[in-house]
Every structure is written in structure tokens, then in C-alpha cells.
Amino acid sequence: MPGGGWSVVVVLTDVDVRARLRAEVAVGWMREAVRASWEGRLRTPARVSTELGGGRLVFTTGALEGEWYGYRSYDSFPTDPGEQVVVVQDWHSGVVKGIAVGNELGPRRVGAIGAVAVDALADPHASTLGLVGAGTQAFSQLWAIGAVRQLSSVKVFSRDVERRMSFVRRVSEDLGLPIEAVGSAREAVEGAGIVVLATNSATPVIEPEWIADGAFVTTLGPKQVGRAEFGPELIDRADLAVTDSPAQTYAYDPPYVLAGTPQHERLVGLGEVLDERPTNKTVVFCSVGLAGTEAYLLARLVDSAHGVQ
């Protein structure tokens with residue numbers, strides 16, 4: 001995608017993203033991005049934000065050296081649902097080449113990064129998935145993980161029964177996965193080969209001893225001191241603790257839930273272990289949002305719109 005590769009601005013809405021972005025393709029692109037970040041070709045600084053009185057405007061930025069640079073912006077104003085904007089610009093000319101407006105691109109790239117971690121670090125034969133949470137991030141994780149693992153069963157728990165049952169219907173209809181709602185977080189995750197925590201809980205939602213030996217766990221929800229869906233004890237349960245962005249874990253305000261603990265020092269970057277394929281290890285993946293990956297996904301969608309391989 002060198003400087004002359006784009007000719008017109010591609011503008012994508014949520015409808016476009018849902019129609020054009022296939023899970024297996026998104027996972028492949030995010031694997032590229034994780035590797036490029038580790039190799040230093042993709043610049044992925046921690047998020048920054050500005051205070052604007054009634055709320056904040058948050059930016060995640062990134063650049064693929066010699067090809068493009070871009071950003072995602074979103075706000076904390078009391079708007080519902082609000083929209084995010086992702087912009088990618090040509091490295092050589094600065095011309096805006098792609099814009100995505102809406103709320104689909106972000107969760108889909110988080111799901112795809114989660115699937116990259118599953119594919120690299122989970123037992124290759126793992127087929128059972130336990131899910132705590134029934135929102136957008138939970139759905140996106142299943143959407144992407146289904147592209148790298150043949151799931152024989154999914155068990156989901158969320159505190160809201162109606163929301164839980166609606167989620168089961170959506171997953172069954174849209175993804176065709178075998179899924180059932182269960183009555184507790186423990187019932188969802190105990191014995192599962194893959195566990196996904198995707199809640200908005202301010203307190204831990206599982207006990208570490210519920211996790212089976214050799215299981216893979218992703219945590220996506222709140223992750224700051226005083227408000228986190230998991231605690232340091234979950235990292236103690238793991239043989240390997242991984243994050244997509246070590247830099248981001250040091251940039252939280254309030255601090256990251258593991259800040260100042262020995263468990264924080266155990267975290268390694270996903271790019272570092274992307275080719276290790278560990279066996280018989282219990283793995284925890286702390287998803288914090290690798291900056292630049294939204295722009296990477298948009299840039300690749302722009303490529304595909306122009307027929308660039």
C-alpha cells in the first residue's frame with residue numbers, strides 16, 4: 001500500500017463493516033498487526049486523552065512505517081450510543097484515504113486480536129468455551145474465535161437473565177454456534193478449554209480455582225485498581241501471562257489492576273510469544289487494546305476496496 005496505492009477516500013459505516021469484514025480475514029490481519037508491532041514496523045503508543053469539561057476525548061494512534069498513519073477517537077460524553085471515528089492517512093502525502101464511522105470496527109478488531117491469542121496460545125484441541133458476559137465484546141470474541149477453533153459447546157452466564165437469553169438467540173442465529181445459557185459464572189467456566197471474561201464488573205467475576213489446568217483465559221472488562229473484573233490471583237493461576245500491549249498497562253489512570261505487583265512483571269507481549277505454541281500450559285491473556293490496530297484494520301479494508309492484496 002505505498003503512497004500512490006489509493007485514489008479516493010473510502011468511507012465505511014457499521015453496515016459496511018458487518019458486510020465486508022469476515023472473521024477469518026480479520027484474524028489474519030490482526031495477526032499481521034501484532035507481528036508488525038513486535039518487529040517495530042507498526043508504531044503503537046499508549047492511548048491519550050483530553051479533558052473537555054463534560055467529558056473526555058480519547059485517541060489511539062498508530063503508524064505502519066512507510067505506508068500509513070491513523071487514529072481512532074471516541075468520547076466519554078453522556079451520549080447514547082455515540083459513535084467512534086477511525087481515520088487512516090497516506091504516509092507520503094498525508095491524504096485521508098479511509099474513514100470508518102460507527103461502533104463495529106473497534107469490537108471486531110478486539111475480537112480478532114483475542115482470536116489471534118487463542119490460535120497462538122490455547123490448546124489446539126480446545127473446543128469448549130465458557131463465557132461470562134453477554135454484550136458486544138462477548139459477541140465479537142465468539143465471532144472471531146469461531147474462525148480459529150471448532151467449538152463444540154459454548155456456555156454463557158450474565159447477571160441479566162433476559163440479556164443472557166437474547167445473547168444465546170443472537171449467537172445461534174448469526175454465528176451458528178452451539179450455545180447454552182447457564183445459571184452461574186462457575187458453571188460457565190469450570191472445565192472449559194477456553195474462557196472469556198467480557199463484563200463491566202468492578203469486582204472479580206470468577207475464582208481462579210475454577211479454571212482448568214491447561215485452559216486459556218481472556219479478560220476484557222474493567223482492569224484498573226479498584227475496578228476490575230479479575231485480580232492478581234488469576235495471574236498466579238497462569239503458567240503464562242500475556243497482553244497485547246505492555247505499554248498500555250503502564251499508562252492507565254487510575255493505574256492498571258496489576259500495577260506495582262509481581263504479577264505485572266510477569267506479563268509478556270503477545271508478539272513475543274506468537275510463534276511459541278505452548279503445550280499443557282494455563283494461559284491468561286489480558287486484552288488492553290493494542291493501539292494502531294483499528295487503523296490497521298481500516299487500512300486493510302481500504303486495500304481490499306481497491307483490490308490491493
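Predicted model: local features only at pLDDT ≥ 70, side-chain atom pairs only at ≥ 80, totals over all residues.
Residues are numbered from 1 along each chain as its sequence is written, and side-chain values use heavy atoms, with hydrogens and water left out.

Let me turn to the overall picture. The secondary structure comes to ten helices and 17 strands, which are DSSP runs numbered from the N terminus, H or I over at least four residues for helices and E over at least two for strands. The radius of gyration of the protein is 19 Å, which agrees with the value near 19 Å that a compact globule of 309 residues would have; that radius is taken over C-alpha atoms, and the globule rule is 2.2 Å times the number of residues to the power 0.38. Along the principal axes, the C-alpha atoms fill a box of roughly 55 × 45 × 45 Å, and 54% of the 309 residues count as buried. Of the contacts with a separation of 6 or more, 70% come from residues 24 or more positions apart, a contact being heavy atoms within 4.5 Å.

Now to the parallel sheet. Eight strands form an open sheet with parallel pairing, in the order β10-β9-β8-β11-β12-β17-β15-β16, where two strands pair if DSSP finds at least two bridges between them. At the edges stand β10 (179–181) and β16 (268–269), each with a single partner strand, so one side of each is left without a neighbour in the sheet.

Strand β17 (residues 283–286) is joined by four bridges to β15 (residues 240–243), and the two run parallel; here Leu240 stands opposite Val283, and Thr243 stands opposite Cys286. Four bridges also join β12 to β17, again in parallel, with Val217 having Val284 as its bridge partner in β17. From β17, Val283 and Phe285 point one way and Val284 and Cys286 the other way, and all are buried.

What lies against this sheet? Helix α4 (residues 136–145) lies across β8 (128–132), β9 (153–157), β10, β11 and β12, and runs at about 165° to β8. For such values, axes are lines fitted to C-alpha atoms, for helices over the stretch in contact, and angles run from 0 to 180 degrees between N-to-C directions.

The next topic is a pair of helices. Helix α2 (residues 23–39) and helix α3 (residues 105–121) pack at an angle of about 75°, with their axes 8 Å apart, and the two are therefore roughly perpendicular, a term for angles of 65 to 115 degrees, whereas under 35 counts as roughly parallel, over 145 as roughly antiparallel and the rest as oblique. In this contact, Ala26, Val27, Met30 and Arg31 of α2 meet Arg109, Ala112, Ile113, Ala115, Val116 and Asp119 of α3.

There are antiparallel pairings as well. Strand β6 (residues 84–90) is largely enclosed by the rest of the structure, because six of its seven residues are buried. Six bridges join β6 to β5 (residues 68–75), antiparallel, with Arg72 opposite Val86, and six bridges join β6 to β7 (residues 96–102), also antiparallel, with Val85 opposite Val101. The hairpin of β6 and β7 has five residues between the strands, and Gly94 in the turn has a positive phi of about 80°. In the hairpin of β3 and β4, with four residues between the strands, Gly53 takes a positive phi near 85°.

Leaving aside residues up to four places away in sequence, Thr203 touches Ala228 and Glu229.

Methods:
Buried < 20%, exposed > 50% of the residue type's maximum accessible area, 1.4 Å probe, protein only.
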